[in-house]
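Q: Could we go through this structure together? I would like to begin with the overall fold and then turn to details.

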Amino acid sequence: MKKVIFLIIKIAIALLIILLVAGFARTWQVWRDPLNAAFRAGTVPSPALDGPYRGSVPGHSVSWLGKKMNAADNAGINVFADGDKYPFATSVGPGLRDADVQVLKIQYDVPGNPWWLRLVLDEMVQIAPGQYLGKVNIRIVPGVPFTIGYFALEK
């Protein structure tokens with residue numbers, strides 16, 4: 001029995017190490033992407049986002065179509081090909097990894113969302129009139145967020 005428990009602990013530690021290495025590697029790739037310079041040069045969306053916005057993920061075809069924003073409630077919901085789901089709350093503040101950049105934070109840690117989505121924090125900046133660039137961050141390990149990619153919104 002002790003051997004089985006020891007084996008399970010070893011496997012869990014190995015998986016945690018693999019997850020950390022993969023997270024740091026992906027974050028490094030995202031930071032080196034030319035979109036990072038555009039994100040860092042962006043500003044907090046002004047005026048506040050309100051209504052539907054068309055979304056895309058650069059270089060990928062996805063079923064996510066965009067977001068519906070509600071400026072008055074500091075909230076919104078994602079739009080997918082099969083309907084609206086995954087509500088979020090919004091606020092303005094410094095970037096999670098880009099503390100010198102003010103961003104629109106899109107927080108999924110709200111009632112009704114699955115546990116895995118509550119670990120996600122999107123951050124978004126305006127890069128041109130009606131054009132917005134976002135980063136997707138995952139907070140798996142407290143104090144060590146991983147940035148896994150970009151998304152775009154447009155009015």
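The conversation below goes from the overall fold to pockets, salt bridges and backbone details.

Q: What kind of model is this, and how are residues numbered?
A: This is a predicted model, in which local features need pLDDT of at least 70, side-chain atom pairs count only at pLDDT 80 or more, and totals for chains, interfaces and linings use all residues. Residues are numbered from 1 along each chain as its sequence is written, and side-chain values use heavy atoms, with hydrogens and water left out.

Q: Which secondary structure does the chain have?
A: The chain has two helices and eight strands, in the order α-α-β-β-β-β-β-β-β-β from the N terminus. Helices (H or I, at least four residues) and strands (E, at least two) are DSSP runs, numbered from the N terminus.

Q: What box do the C-alpha atoms fill, and what share of the residues is buried?
A: Along the principal axes, the C-alpha atoms fill a box of roughly 60 × 35 × 30 Å. Of the 155 residues, 35% are buried. Buried means under 20% relative accessible area, exposed over 50%, and partly exposed in between (1.4 Å probe, protein chains only).

Q: Turning to pockets, what is the volume of the largest pocket?
A: The largest pocket has a volume of about 580 Å³. Its lining consists of 26 residues, and Val57, Val136, Ile148, Tyr150 and Phe151 lie nearest its centre.

Q: How is a pocket defined here?
A: On a 1 Å grid over the protein atoms alone, a pocket is an open set of points with protein on both sides within 12 Å along at least five of seven lines, and lining residues have an atom within 4 Å of a point. Grid points are joined across faces, edges and corners, and the volume is the space filled by probe spheres set on the points.

Q: Which element gives the largest share of that lining, and how do the residues divide by class?
A: Strand E8 (144-154) is among the elements that give two or more residues to the lining of the largest pocket, and E8 provides the largest share, four residues. By class, the lining of the largest pocket has 17 nonpolar, five polar and four charged residues. Ala, Val, Leu, Ile, Met, Phe, Trp, Tyr, Cys and Pro count as nonpolar, Asp, Glu, Lys and Arg as charged, and the others, Gly among them, as polar.

Q: And what about the second largest pocket?
A: The second largest pocket has a volume of about 160 Å³. Of its 13 lining residues, Ala48, Leu49, Asn74, Thr90 and Leu104 are the closest to the centre. The lining of this second largest pocket has nine nonpolar, four polar and no charged residues.

Q: Now the charged side chains: how many salt bridges does the structure hold?
A: The structure holds eight salt bridges, each being a side-chain nitrogen of Lys or Arg within 4 Å of a carboxyl oxygen of Asp or Glu.

Q: Which residues are linked in a network of salt bridges?
A: The network links Arg40, Asp98, Asp100 and Lys135. Arginine 40 and aspartate 98 form a salt bridge in which the closest N and O atoms are 2.9 Å apart. This pair joins distant parts of the chain, with arginine 40 in helix H2 and aspartate 98 in the loop between E4 and strand E5 (102-107), 58 residues apart. Lysine 135 also meets aspartate 98 in a salt bridge (2.7 Å, N to O).

Q: Buried or exposed: which applies to lysine 135 and aspartate 98?
A: Both lysine 135 and aspartate 98 are buried, whereas arginine 40 is partly exposed, with a relative accessible area of 34%.

Q: What does lysine 67 form a salt bridge with?
A: Lysine 67 forms a salt bridge with aspartate 122, the closest N and O atoms being 3.5 Å apart. Lysine 67 lies in strand E2 and aspartate 122 in strand E6, 55 residues apart. Lysine 67 counts as buried at 2% relative accessibility, and aspartate 122 counts as buried at 5%.

Q: On to the backbone, which peptide bond is cis?
A: The bond from serine 46 to proline 47 is cis, with omega near 0°. Proline 47 sits in the loop between helix H2 (35-41) and strand E1 (51-56).

Q: What is phi of asparagine 74?
A: Phi of asparagine 74 is near 50°, a positive value in a residue other than glycine. Asparagine 74 lies in the loop between E2 and E3 and is partly exposed, at 44% relative accessible area.

Conventions:
1 Å grid on protein atoms, 1.4 Å probe; cavity = no way out; pocket = protein on both sides within 12 Å on 5 of 7 lines; lining within 4 Å.
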